[in-house]
Amino acid sequence: MNPVSTPADRDLVLVGGGHSHALALRMLAMNREPGLRLTLVSPDSLAAYSGMLPGLVAGHYTLEETHVDLRRLCQASGARFVRARVTDLDPAARRLTLDDGTTLDYDWLSLDVGATPDLDAVPGAAAHAVPVKPVSDFHYRWRSLLADLDHRTDELAISVVGGGAGGTEMILAVARALIDHGLAARLTLVTAGELLPGYPDAVRRRMARRLADYGVRLCTESPVRRVEASRLILDHDTVAHDFLLWCTGVKAAPWLAASGLPCDERGFVRVDERLRSPADKRIFAAGDCAAFPGGLPKAGVYAVRQARTLAHNLAAAAGGRALRAYRPQKRFLSLLSAGDRDAVGSRGPLLTVAGPWVWRWKDRIDRRFMARFDEPLPPMPAPAAEAAPHCAGCGAKIGAGALGEALERLQPAVREGIEAGVDQADDAAVIRWPAGQRLVQTLDYFPAFLDEPFVFGRVAALHALSDLYAMNATPHSALATVCVPRHHPRLQGRDLQRLMAGAVTELNRAGCTLVGGHTIEGPELAAGFTVNGAAAPEALWHKGGARPGQCLILTGALGTGIQLASLMHGRARGPWLDATLEAMLAGNGAAREALAGLGDLDGTRPGACTDVTGFGLLGHLLEICQQSDVDARLNLETVPLLPGTLTLVEAGVTSTLKPANDQVLARCEHHGVATDDPRLAALTDPQTSGGLLFSIDRERAPAALAALRRHRVPATQVGELTVKNHKASATMTLHDGGPC
């Protein structure tokens with residue numbers, strides 16, 4: 001994906017992927033405000049739809065069916081996605097601080113960060129209870145519990161605290177899941193007041209009957225005074241628990257009140273009828289994190305209805321138009337899951353319905369809601385014709401103001417041997433080089449594959465450093481080459497600052513000093529680095545040092561090119577891209593450190609080494625074979641792939657470099673591997689910031705793998721090198737199964 005940006009002059013940042021923001025983002029995309037750039041910040045790529053959470057726990061739905069894929073939504077909406085958690089808000093500076101230590105500036109801000117169970121209200125709850133939010137953490141622990149129960153023979157005690165809709169639906173969903181898994185447990189629902197406060201009596205009676213049918217013990221008017229490791233202490237009783245779920249008493253994220261914005265007694269942001277902060281006209285809030293005048297229940301039905309007003313007002317505020325008031329509905333349809341495919345519904349005090357048909361009704365409503373996020377959006381508008389042509393050559397450089405703003409808050413680490421660099425106004429960097437060392441220098445430059453400058457800056461730096469690590473060189477210094485999209489200079493400065501912050505993070509971690517660079521503006525974000533490294537001549541690794549009989553070891557997994565191509569094909573999935581970015585951001589510094597630490601005794605050092613990048617695994621393996629005069633056998637069964645890679649290949653998703661890279665297959669023989677095997681696409685897939693491929697003596701391979709594991713580097717033995725058969729045209733043999 002090459003994100004070509006429509007010129008923008010204002011940043012609207014949406015924090016949180018709640019119901020209001022997910023819907024508002026689609027609405028903003030369908031009626032785009034000229035010059036307004038959208039950014040969504042969320043700690044997770046998947047956002048749970050609360051209405052389907054009980055069905056997920058009960059086993060009626062999959063995780064994908066119950067979550068909005070925020071990465072995919074942002075791509076379809078033309079919005080940037082920043083996977084991070086906000087830790088601080090400075091309204092005066094219009095700046096957010098993220099949990100990775102970076103900052104994100106905005107012109108307009110919208111908050112939809114929800115609420116979390118307040119575990120601090122009861123002593124011991126934080127230590128022993130599992131909150132239902134964030135859903136990703138809860139779901140992981142719930143699945144782990146089910147897996148653990150399969151191996152237990154004793155009866156488990158599961159308790160849920162909270163007798164509102166969330167807690168009642170949750171205990172019934174848990175009961176249903178246990179029955180379906182053939183497991184037994186003692187279930188208890190504890191609530192400080194009555195069951196389902198605020199609901200009609202008929203709803204409470206029907207849900208109480210369903211609790212009884214599932215054998216759930218109901219403790220009403222029983223506030224929890226203390227939580228211990230295996231029991232709840234109530235006023236006049238105790239309740240045992242092995243697994244405790246907390247579904248009551250919510251609180252706001254602490255940074256909201258710490259920002260100085262007016263908040264209510266629980267820390268939720270006060271808003272007026274236009275969903276805007278009364279203290280700052282540039283900040284809006286919706287969903288559970290907003291404190292609406294007169295108060296509203298923390299219920300998803302309000303967040304969904306707020307989305308239309310929020311989307312209109314954000315665009316109108318940015319465009320200088322009149323805002324609308326949000327009018328909460330006085331009555332709404334309430335549909336409560338009742339464990340099995342059964343539900344109880346009500347609308348007001350007089351209408352109550354129940355039964356399997358109500359669940360089917362609820363299921364249709366929920367699926368229709370989620371289907372909105374799979375509906376295609378209007379195509380992105382082409383960039384407007386520019387009033388004046390942009391210069392090429394040095395005229396394409398960005399202004400000194402934007403450059404100065406970007407570099408002002410960065411503090412590159414000063415390294416011995418750097419006489420003059422980015423902190424001085426000279427025309428070039430001056431580097432003293434140690435005597436007896438070899439200078440190892442490399443350059444990489446490529447367009448951005450996602451519109452998130454900080455992450456892209458990290459990957460671009462790691463990709464450049466990888467060539468040094470593949471030769472066992474120690475990084476020393478770097479020069480940057482950056483192309484920034486044609487936005488307002490203020491936005492250019494923001495992008496450049498985040499990109500360089502990401503790059504400097506990785507360069508400094510590698511002990512590498514940024515000593516200068518060059519910036520231009522153009523149609524898309526792009527970056528590259530010239531990196532210098534030092535190495536003793538005898539310590540260098542090369543592609544030509546492999547010997548027959550050595551094993552081939554690959555660090556990391558394949559598939560980054562296919563995963564990034566999925567963005568262009570509209571088939572990207574948030575969790576798959578998360579795994580892909582995690583792999584690219586791992587870099588090869590730890591792998592080089594692990595291998596360099598093995599020493600040269602008895603052939604423990606790599607025979608040949610290269611990093612797997614643009615030519616794919618087979619292309620780089622061919623280079624080793626040709627330069628070392630050996631053949632290779634590759635075991636497809638052991639080659640690791642990133643999650644979702646084969647699914648994408650089978651759907652026809654491949655990199656644009658595939659035809660060129662596939663030419664290497666003519667140098668391969670197939671033993672038990674079909675010519676249309678989808679794994680072949682992964683073997684020729686161009687990798688961005690890919691792992692290392694190296695050869696090592698067979699008896700030393702276990703020591704190398706153990707060292708890599710100690711450095712937390714995933715590594716796999718994928719093949720072996722053989723004596724060159726000079727009469728054969730094939731250099732590499734692909735087989736499926738069998739030891740190295």
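Select Lys251 to begin: at a relative accessible area of 27%, Lys251 is partly exposed, since buried means under 20% and exposed over 50%. Keep in mind as you go that this is a predicted model.

Now show the side chain of Asp120 as well. Asp120 and Lys251 form a salt bridge, with 2.9 Å from N to O. The two ends come from distant parts of the chain, 131 residues apart: Lys251 belongs to strand E19 (residues 250-251), while Asp120 lies in the loop between strand E10 (116-117) and helix H4 (125-128). Asp120 is exposed, with a relative accessible area of 59%.

Select Asp288 and Lys133, whose side chains meet at 3.9 Å, N to O. This pair also links distant parts of the chain, 155 residues apart. You will find Asp288 in the loop between strand E22 (280-285) and strand E23 (290-291), and Lys133 in the loop between strand E11 (130-131) and helix H5 (135-149). Is Asp288 buried or exposed? Its relative accessibility is 14%, so Asp288 counts as buried. Lys133 is partly exposed, at 34%.

Next, pick Glu194 and Arg204, a salt bridge of 3.8 Å from N to O. Here the partners are 10 residues apart: Arg204 sits in helix H7 (201-213), and Glu194 in the loop between strand E13 (185-190) and that helix. Arg204 counts as buried at 18% relative accessibility, whereas Glu194 is partly exposed at 36%.

To see salt bridges with shared partners, select Asp11, Arg37, Arg80, Asp107, Arg490, Arg494 and Asp495, which are joined into one network.

Switch to a cartoon view and select residues 224-227, 231-234 and 238-240, which are strands E15, E16 and E17. They make an open sheet in the order E15-E16-E17, paired antiparallel. E15 and E17 stand at the edges with a single partner strand each, so one side of each has no neighbour in the sheet. From one strand to the next, the twist averages 25°. Zoom in on E15 and E16: three bridges join these antiparallel strands. Which residue of E16 is the bridge partner of Val227? It is Leu232.

**Into the cores**

Now hide the cartoon and show Leu96, Leu109 and Leu111. These residues have the most contacts inside the largest nonpolar core, which has 72 residues. Helix H9 (residues 300-319) supplies the largest share of this core, nine residues. Centre on Leu96 and display its surroundings: beyond its neighbours within four places in sequence, its contacts include Val13, Val15, Val86, Leu89, Tyr106 and Leu109. Asp88, Thr102 and Thr103 are also among the residues in contact with Leu96.

Another core lies apart from this one; it has 42 residues, and Val440, Ala464, Leu468 and Ala478 are among them.

**Zooming out**

Along its principal axes, the C-alpha trace spans about 85 × 65 × 45 Å. Of the 740 residues, 55% are buried. Among contacts between residues at least 6 apart in sequence, 77% join residues at least 24 apart.

Notes:
Residues are numbered from 1 along each chain as its sequence is written. This is a predicted model: local features need pLDDT of at least 70, side-chain atom pairs count only at pLDDT 80 or more; totals for chains, interfaces and linings use all residues. Side-chain values use heavy atoms; hydrogens and water are left out. Two strands pair if DSSP finds at least two bridges between them. Helices (H or I, at least four residues) and strands (E, at least two) are DSSP runs, numbered from the N terminus. Axes are lines fitted to C-alpha atoms, for helices over the stretch in contact, and angles run from 0 to 180 degrees between N-to-C directions. A nonpolar core is a set of buried Ala, Val, Leu, Ile, Met, Phe, Trp, Tyr and Cys residues joined through side-chain atoms within 4.5 Å. Buried means under 20% relative accessible area, exposed over 50%, partly exposed in between (1.4 Å probe, protein chains only). Contact means heavy atoms within 4.5 Å. A salt bridge is a side-chain nitrogen of Lys or Arg within 4 Å of a carboxyl oxygen of Asp or Glu.
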